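Reader: Could you take me through one part of this model in detail, the region where the nonpolar side chains come together? I would enjoy one connected account, starting from the contacts of the chain as a whole.

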Amino acid sequence: MISKQALAKLLAAVVLLPVAIVLTLALGALLGAMQDAAGAAVLARVGLALGAAWVFALVCLVLALAANAAEESRAGKEDRGEGGQRNEEGGRRKEE
């Protein structure tokens, strides 16, 4: 099970990275308009790297949430007695 702290950090990254991307690309466009081609190019690359980090964080968050959901589903089935007990014929045992 993924810790709540890890999920909170991933969620913060997924929410805040697009803001950082927009600000970085906007500053790069401003530098480009001020004829600073080198600064604009650097900030374009930084924006690209931030975009890749955002996609990575998004995929990690989805996988972490899926792992948590699977763990909770498995734990819920075990609590209800649906966890793998079978009778001699291979079918599930019936609750009496």
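Author: Among the contacts in the protein chain with a separation of 6 or more, 59% are between residues 24 or more positions apart. Please keep in mind that this is a predicted model. The secondary structure of the chain consists of two helices and zero strands.

Now to the part you asked about. The largest nonpolar core has six residues: Leu7, Val14, Leu17, Ala57, Leu61 and Ala64. Helix α1 and helix α2 (37–79) each supply at least two residues of this core.

Leaving aside residues up to four places away in sequence, Leu61 touches Leu7, Leu10, Leu11 and Val14. Two of these partners, Leu7 and Val14, are listed in the core along with Leu61 itself.

Leu11 has a relative accessible area of 46%, so it counts as partly exposed. Together with Val15 and Leu16, Leu11 makes a nonpolar surface patch of about 290 Å². Leu11 therefore is partly exposed, while also touching Leu61 of the core.

Terms used
Residues numbered from 1 in each chain as written. Predicted model: local features only at pLDDT ≥ 70, side-chain atom pairs only at ≥ 80, totals over all residues. Heavy atoms only, no water. Patch = residues over 30% accessible without salt bridge, like charges linked within 9 Å, V, L, I, M, F, W, Y side chains within 5 Å. Areas by Shrake-Rupley, 256 points an atom, 1.4 Å probe, with all protein chains shown as cover. Salt bridge = Lys/Arg side-chain N within 4 Å of Asp/Glu carboxyl O. Buried < 20%, exposed > 50% of the residue type's maximum accessible area, 1.4 Å probe, protein only. Core = buried A, V, L, I, M, F, W, Y, C linked by side-chain atoms within 4.5 Å. Helix = DSSP H or I, 4+ residues; strand = E, 2+ residues; numbered from the N terminus. Contact = heavy atoms within 4.5 Å.
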